[in-house]
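Visitor: Could you walk me through this structure, please?
Guide: Gladly; let's take a look together.

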Amino acid sequence: MEYFKQQILLLREKALLQASVREEKKLLVENAKLKKDISELKTQLTETQRRKTGTHTHTHTHTHTHTHKQTHTHTLTPQDTEDTEDRRKVNFPSVEQRRSRADSLSVLGADPQVDVSRLDIRIGRIVSVRKHPLAETLYVQEVDMGEPAPRTVVSKLGLYIDPEQFENSPAVFLCNIRPSKIRGVTSHARLLCGSASDSHIELLAPPPGAVPGDRVTCRTFPGEADRQLLPRERVWDRLQGDLRTDARGVATYKGAEFEVKGKGQCKAPTLSDCVIKST
């Protein structure tokens, strides 16, 4: 009985093997046919391209009176073909071409000038201050910028400034940044301060008489600020090395003073010859 069972199993395995071999042969035949079809299609494509790029001959036959016939044969030269194609081209560059051109100019240094005039620095009054609910070193301020509604500003002031020192006080803000979420709270500006170290920072103080919304400029760098700074251009990062307070504590860019026109300069109360940071 065991012998017959083994024979049956062997016969089944043999049948499966034969079926597998047949299937393999069938696939090989189909594969060969597909290769042949592909080869024929390639030949047809090559022939079509050759006909399209070949020399075109146009024969114009003009029949005149008294059975006089005149035949003109004109062969298009490569120059004629190029001229025809040029006439068909539209002279307006695509969006992709304009972007590529702008990126190329930027790489070559032909982008718009990068100086402090591109920063929209304004005076604001800090209406209220509270600690960020998710970060001990962050503060959330509501700031009057002379606009219809206050701006929310998240600042990293560390553990070294008492919020009571600058609540209801005027300060200097960078206003044309792209709004960004900081630990769940969206910030719409950056607070500017003088910094001698991470543990020794002071808010830049506006001049007397300055009001929320007043723009801070540098006299030797006139110009309109960008509507919004693009992160990829890194304008602030490229300018920060030239932003410092001078020996009197006046905020400067390349030696040019930060000023509110007709009202005076912005200063760090006690810090001189230090860097200016945004926080």
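Visitor: Leaving aside its neighbours within four places in sequence, which residues is F166 in contact with?
Guide: This is a predicted model, where local features need pLDDT of at least 70, side-chain atom pairs count only at pLDDT 80 or more, and totals for chains, interfaces and linings use all residues. Residues are numbered from 1 along each chain as its sequence is written, and side-chain values use heavy atoms, with hydrogens and water left out. F166 sits in the loop between strand 5 (151-156) and strand 6 (170-174), strands being DSSP E runs of at least two residues, numbered from the N terminus. Counting heavy atoms within 4.5 Å as contact, its partners are I126, V129, Q141, L157, I161 and L203.

Visitor: Is F166 buried or exposed?
Guide: Buried means under 20% relative accessible area, exposed over 50%, and partly exposed in between (1.4 Å probe, protein chains only). With a relative accessible area of 2%, F166 is therefore buried.

Visitor: How many residues are in the separate core that includes F166?
Guide: A nonpolar core is a set of buried Ala, Val, Leu, Ile, Met, Phe, Trp, Tyr and Cys residues joined through side-chain atoms within 4.5 Å. The largest one has 27 residues, with L119 and V172 among those with the most contacts inside it. The second, separate core includes V153, L157, F166 and L191, and its residue count is 17.

Visitor: What is the average pLDDT of the chain?
Guide: pLDDT is the predictor's confidence in each residue, from 0 to 100. It stays under 50 over residues 80-93. Of the residues, 74% score at least 70, and the chain average is 78.

Definitions and conventions: Helices (H or I, at least four residues) and strands (E, at least two) are DSSP runs, numbered from the N terminus.
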